[in-house]
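Here's a quick briefing to read alongside the model. Have the sequence and the 3D view open as you go.

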Amino acid sequence: MTPRVVVVGAGIVGCSLADELTARGWTDVTVLEQGPLPAPGGSTSHAPGLVFRTGPSRTLTRFAAYTVEKFSSLDVDGVPCFEPVGGLELATTPERLADLHRRAGFAASWGVPGEVVSAARCKELWPLLDESVVLGGFHTPGDGLARAVLACRAQMDRAVARGARFLDRHTVTGVEREDGRVTGVHTDRGFFAADHVVSAAGFWGPVVGRMAGVDVPLQPLAHQYARTRPLPELSGATAEATRPILRFQDADLYFREHGDRIGIGSYAHRPLPVDPFAVPAYDAARAAGREMPSSYPFTEEDWAPSWAECRRLLPALRGTEIESGFNGVFSFTPDGMPVLGESRELRGFWLAEAVWVTHSAGVARAVAEWMVDGRPSIDVHDCDVTRFEEAQRSQAYVRERGSQQFAEVYDVIHPLQPLKRPRPLRVSPFYTRQQELGAYFLEGGGWERPHWYEANAALVADFGGGGGGGTLGDPGTPGALGDPGAPGAPGALADLPARDPWAARHWSHVAAAEARVTRERVALYDMTPLRRLEVTGSGALAFLDRLTSNNLRKKPGAVTYTLLLDESGGIRSDLTVARLGPEHFQVGANSPADLDHLLRHAPDDVQIRDITSGTCCVGVWGPLARDLVQPLTGDDFSHEGFGYFRARRTYLGHVPVTALRLSYVGELGWELYTTADLGLRLWDTLWEAGRDLGVIAAGRSAFNSLRLEKGYRAWGTDMTTEDTPYEAGLGFAVRMDKEHFTGQEALRARSEPTRALTPLLLDDPAAVVLGKEPVHLDGVPAGYVTSAAYGYTLGRCIAYAWLPAGLAPGTGVHIEYFGEKLPATVAGEPLFDPGMSLIRR
């Protein structure tokens, strides 16, 4: 007997999910829909159907690729559910043309065929274009148009044939639960018992979520779509569409054919948020003269500027007018990604929300795998409902950031570019001192995070910029950094070349100075935003040891780097576990998903608490770190008295701290933790003690450079659940001789890795890449870059990339950066201090 599943919503996601679940043998599926089928009036019913697969998110691209693959195999009465007319993105500015080369790089990284083409080729593909305003385009021949309602019908038919049922005109009015688990849903036409309930309600998701007591962080917004009158240039058209779907992103517009008419969508207007609790039901919307609940009246005043841009690009439109238009409602989240997964607070209640037609089948497959097999076959951490911090879940936050996501849909977004509002939201106790030092803040998880400090600009005293002339300081100048020495020598720092405008965004030469000071003196790093969990109880040791890959059965005072694996041996997260007492552990974790995972599996004799917000952390790192810290305490901080990967509670001056002898930058030092109320006192104590040593505050830009020089991985960027420890170069954190840990059997059953996370050094000292670029081996794409940063100690840009296993150091590859193939070489690791002598001194 298969589990009973109720899916709320029969739009494209609900229909796709019913098909995917029943295909996996879960056939007791009931799909409830408040409107009439097959077009019940949600976002699917009005969706224009454009499917562009390529973007910076590998996950979304793979969702879209599966949607194209699946819909291409479906038809209804001989009418295909997908029309592969291709996609064409246009550039009318140099900045956009450069970005199209970057997007072509994403396509190569993620395996989507595409190429940057000339303006003349754009004209061939779309004869109605004014070629004179176009600089070039990005053509993806496999993209096209999804007939969303038809795809719903096709998947409904398949699911029904396997045993599912679809019930329209059933409005969900409540979600029933017992002992923290969902037991069914109430509707206006009766109760439906269920073991699992999936909210696939689209922009009504927050309404269903409230019934279940589950936050659904999405904001519905209205988006303009219009159709022209018939065009003489398209007269006689017999097909719905033959030309590529078209994006004119410089004007926030897209186009598609509707026979002899043109359909036009616009993101150029002001955000138009919609209250999901105020959207009328289907019949009420029809009674009010609207075609469907998701279709709001067309606002002419918002359309006028877009219409002028349409006519500039497509002169044929100058002789016609808009025949019809509407403002269609669909969903945005604070980060623009879907919201997927099971609620921990209400077990068996799943979300498949904020999903566009483009990604619908891929999302449905992932959620079905998650439900049936316990995990998706691809990494979905950036879609997981648990990813948002508590401070990112307020209605005000979701509304403001969702609206900003709408406004930025077609913007050229730098990978480091933070959202503008609301800031500052979360700040460490050191924030005022950081402001006084001229910190340049970026944002992550709601935290203000310094990337460098303008107070350190004087350390770049003699740096000349441009072309790499100059050094980072005269050894005779007080406060300067000295002779950079030979590239590659410990503590040396090569002259810095000029950066291209893209790589120079959110970057400063000051970061190089901060890295240099960390290598030669000592620096303070604010590590407060890194997640800290407290795990206590009589079962704490057994619990953590069972869930993680390394040996945690060590005496109090030990610190262990270990991995959270899933049942297939993939890396859920990496953790740093400090045993502070027999039944007391401090766990350095990554995302809220780590806390969620531990809480889901914790037995009654284990207590878990997130202590991040109530504590703070300073990383004190550099060869003079001991000289700074030792005078502040009576405890022995020598290497013999306080060894590497050890923990101790002590006082620094008046401040009680938990000190961990760790370093993520490859230098001597400690992570120092205290409570938030004492954070400012800790900073000031360290700052005053370090004055004569030349201490500085250093930011995340220098930090990222230094950690890559040591080859330290960043979970979520360098490795995910798709990667095993042995592929990621983390086999040292696995103890296969342990009695049992999650993922152990899967690792035993795996064959030798065929891919590996591989360090590369760019050959040209002036070359820089930033991440996600394709890597070419023997002339063809063979992998992609995960993390990248300039190694200031090495005088080369470092890039870690997923590539075929077994590439020997010295192997030549090329990294494609904005269309240019930059030579790089496979390197051995770690790149800096391979003997670990500096970190253990």
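What follows covers the overall build, the charges and salt bridges, and one glycine.

Keep in mind that this is a predicted model. The protein chain has 19 helices and 45 strands. Its radius of gyration is 28 Å, close to the 28 Å the globule rule gives for 841 residues, so the chain is as compact as a globular protein of that length.

**Overall build**
- Along the principal axes, the C-alpha atoms of the protein chain fill a box of roughly 85 × 65 × 50 Å.
- Of the 841 residues, 60% count as buried.
- If you take contacts with a separation of 6 or more, 71% of them come from residues 24 or more positions apart.
- The accessible surface of the protein chain is about 30600 Å², and carbon and sulfur atoms make up 50% of that.

**Charges and salt bridges**
- The protein chain carries 83 positive and 103 negative side chains, with the centres of the two sets 2 Å apart.
- Counting a side-chain nitrogen of Lys or Arg within 4 Å of a carboxyl oxygen of Asp or Glu, you get 53 salt bridges.
- E722 pairs with R62, with the closest N and O atoms 2.6 Å apart. E722 sits in the loop between α18 (700–709) and α19 (744–749) and R62 in helix α3 (residues 58–72), so this pair ties together parts that are 660 residues apart in sequence.
- Both partners are partly exposed: E722 has 21% relative accessibility, and R62 has 26%.
- E400 and R421 also meet in a salt bridge, at 3.2 Å from N to O. E400 is in helix α11 (residues 395–407), while R421 is in the loop between α11 and α12 (431–436), 21 residues apart.
- E400 is partly exposed at 28%, and R421 is partly exposed at 44%.
- R516 and E520 form a salt bridge too, their closest N and O atoms being 2.4 Å apart. These two are 4 residues apart in helix α13 (residues 510–520), which means about one helical turn separates them.
- R516 is buried at 2% relative accessible area, whereas E520 is partly exposed at 30%.
- There's also a salt-bridge network linking D19, E20, R24, K70, R158, R162 and E369.

**A look at G259**
- G259 is in the loop between β18 (253–258) and β19 (261–266).
- G259 has a relative accessible area of 15%, so it counts as buried.
- Leaving out residues up to four places away in sequence, G259 touches L234, A237, A239 and E240.
- From G259 to I322 is 63 residues in sequence and 15 Å in space, C-alpha to C-alpha.

Definitions and conventions: Residues are numbered from 1 along each chain as its sequence is written. This is a predicted model: local features need pLDDT of at least 70, side-chain atom pairs count only at pLDDT 80 or more; totals for chains, interfaces and linings use all residues. Side-chain values use heavy atoms; hydrogens and water are left out. Buried means under 20% relative accessible area, exposed over 50%, partly exposed in between (1.4 Å probe, protein chains only). Contact means heavy atoms within 4.5 Å. The radius of gyration is taken over C-alpha atoms; the globule rule is 2.2 Å times the number of residues to the power 0.38. Accessible areas come from the Shrake-Rupley method with a 1.4 Å probe; for residues, only the protein chains shown count as cover. Lys and Arg count as positive and Asp and Glu as negative; His and the chain ends are not counted. The place of a charge is taken as NZ of Lys, CZ of Arg, CG of Asp or CD of Glu.
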